[in-house]
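Please keep the sequence and the three-dimensional view at hand while reading.

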Amino acid sequence: MAYPGYGAAPGAQDPLYGYFAAVAGQDGQISAEELQQCLTQSGISGSYKPFSLETCRLMISMLDRDMSGSMGFNEFKELSNVLNGWKQTFMSYDRDRSGTVEGPELQHALTSMGFNLSPQAMNIIMKRHSTHGRIAFDDFITCCIKIRALTDQFRRRDTSHTGQAMFHYDDFIQVTMSL
């Protein structure tokens with residue numbers, strides 16, 4: 001008598017597992033290069049350009065809880081859910097379907113995700129990530145990853161929820177260089 005799921009690979013029933021397994025090695029982990037290939041093949045980026053290698057590295061670092069520099073299937077599945085949510089947000093603000101958003105649209109998108117940034121912070125983001133005042137989908141994802149990671153790190157240190165946190169220099173370097 002066979003039992004459902006017995007002997008099957010973890011996540012084998014999940015359609016994403018096929019894309020993941022096609023690039024994962026024997027260890028069941030994928031690198032940034034393999035993640036880039038997997039995301040392209042699975043169509044998660046949709047009609048937008050494939051994700052850059054740097055964005056894939058950031059994706060791994062965002063979910064790399066064991067600090068292995070790679071991603072297992074459960075992390076990949078979590079990433080897929082996060083990316084699909086960010087993609088829906090991006091699409092809702094890319095009203096002209098140009099594949100880009102402008103500064104005010106980016107600010108509205110980030111605010112809708114719970115990130116209330118000052119005009120000065122938005123100015124820095126636009127200078128760093130825009131081309132001719134427009135942010136493409138890949139750069140939008142990069143912004144979301146960085147803002148999410150920095151916010152998570154800040155909240156861990158803002159234990160009294162005052163909007164202030166204390167960082168030691170080395171801790172600050174580790175947080176910012178991991179992005």
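A search of the whole structure, which is a predicted model, finds 0 disulfides. Cys 38 takes part in no disulfide, and the nearest cysteine sulfur, that of Cys 56, lies 9.7 Å away. A disulfide is a covalent bond between the sulfur atoms of two cysteines. For Cys 143, the closest cysteine sulfur belongs to Cys 144, at 6.8 Å, which is too far for a bond. The cut-off used for a disulfide is 2.5 Å between the two sulfur atoms.

| Residue | Relative accessibility | Class |
|---|---|---|
| Cys 38 | 0% | buried |
| Cys 143 | 3% | buried |
| Glu 102 | 37% | partly exposed |

**Helix 7**

Cys 143 is one of the buried residues of helix 7, and Cys 144 is another. This helix runs over residues 137-157 and contains 21 residues. From its first C-alpha to its last it reaches 30 Å, close to the 30 Å expected at 1.5 Å a residue. The buried residues of helix 7 also include Phe 137, Phe 140, Ile 141, Ile 145 and Ile 147, as well as Asp 138 and Lys 146. Which elements cover these buried residues? Among them are helix 3 (53-63), helix 4 (73-93), helix 5 (103-112), helix 6 (119-129) and strand 2 (134-136).

In soluble globular proteins, nonpolar side chains tend to be buried together. In this model the largest nonpolar core has 44 residues, and Leu 35 and Phe 76 are those with the most contacts inside it. Helix 1 (15-23), helix 2 (32-42), helix 3, helix 4, helix 5, helix 6 and helix 7 each supply at least two residues of this core. Helix 4 gives the most, with 8 residues. Leaving aside residues up to four places away in sequence, Leu 35 touches Ile 30, Cys 56, Met 59, Ile 60, Met 71, Phe 76 and Leu 79.

**Glu 102**

Glu 102 is found in strand 1, which spans residues 100-102. At 37% relative accessibility, this residue counts as partly exposed. Which residues does Glu 102 contact, leaving aside its neighbours within four places in sequence? They are Met 126, Gly 133 and Arg 134. Glu 102 and Gly 133 stand 31 residues apart along the chain, yet their C-alpha atoms are separated by 6.0 Å. With Arg 134, Glu 102 forms a polar contact of 2.3 Å between the two side chains.

Notes:
Residues numbered from 1 in each chain as written. Predicted model: local features only at pLDDT ≥ 70, side-chain atom pairs only at ≥ 80, totals over all residues. Heavy atoms only, no water. Buried < 20%, exposed > 50% of the residue type's maximum accessible area, 1.4 Å probe, protein only. Helix = DSSP H or I, 4+ residues; strand = E, 2+ residues; numbered from the N terminus. Contact = heavy atoms within 4.5 Å. Polar contact = N/O pair within 3.5 Å; in protein donor to acceptor, adjacent residues only side chain to side chain. Expected span 1.5 Å × (residues − 1). Core = buried A, V, L, I, M, F, W, Y, C linked by side-chain atoms within 4.5 Å.
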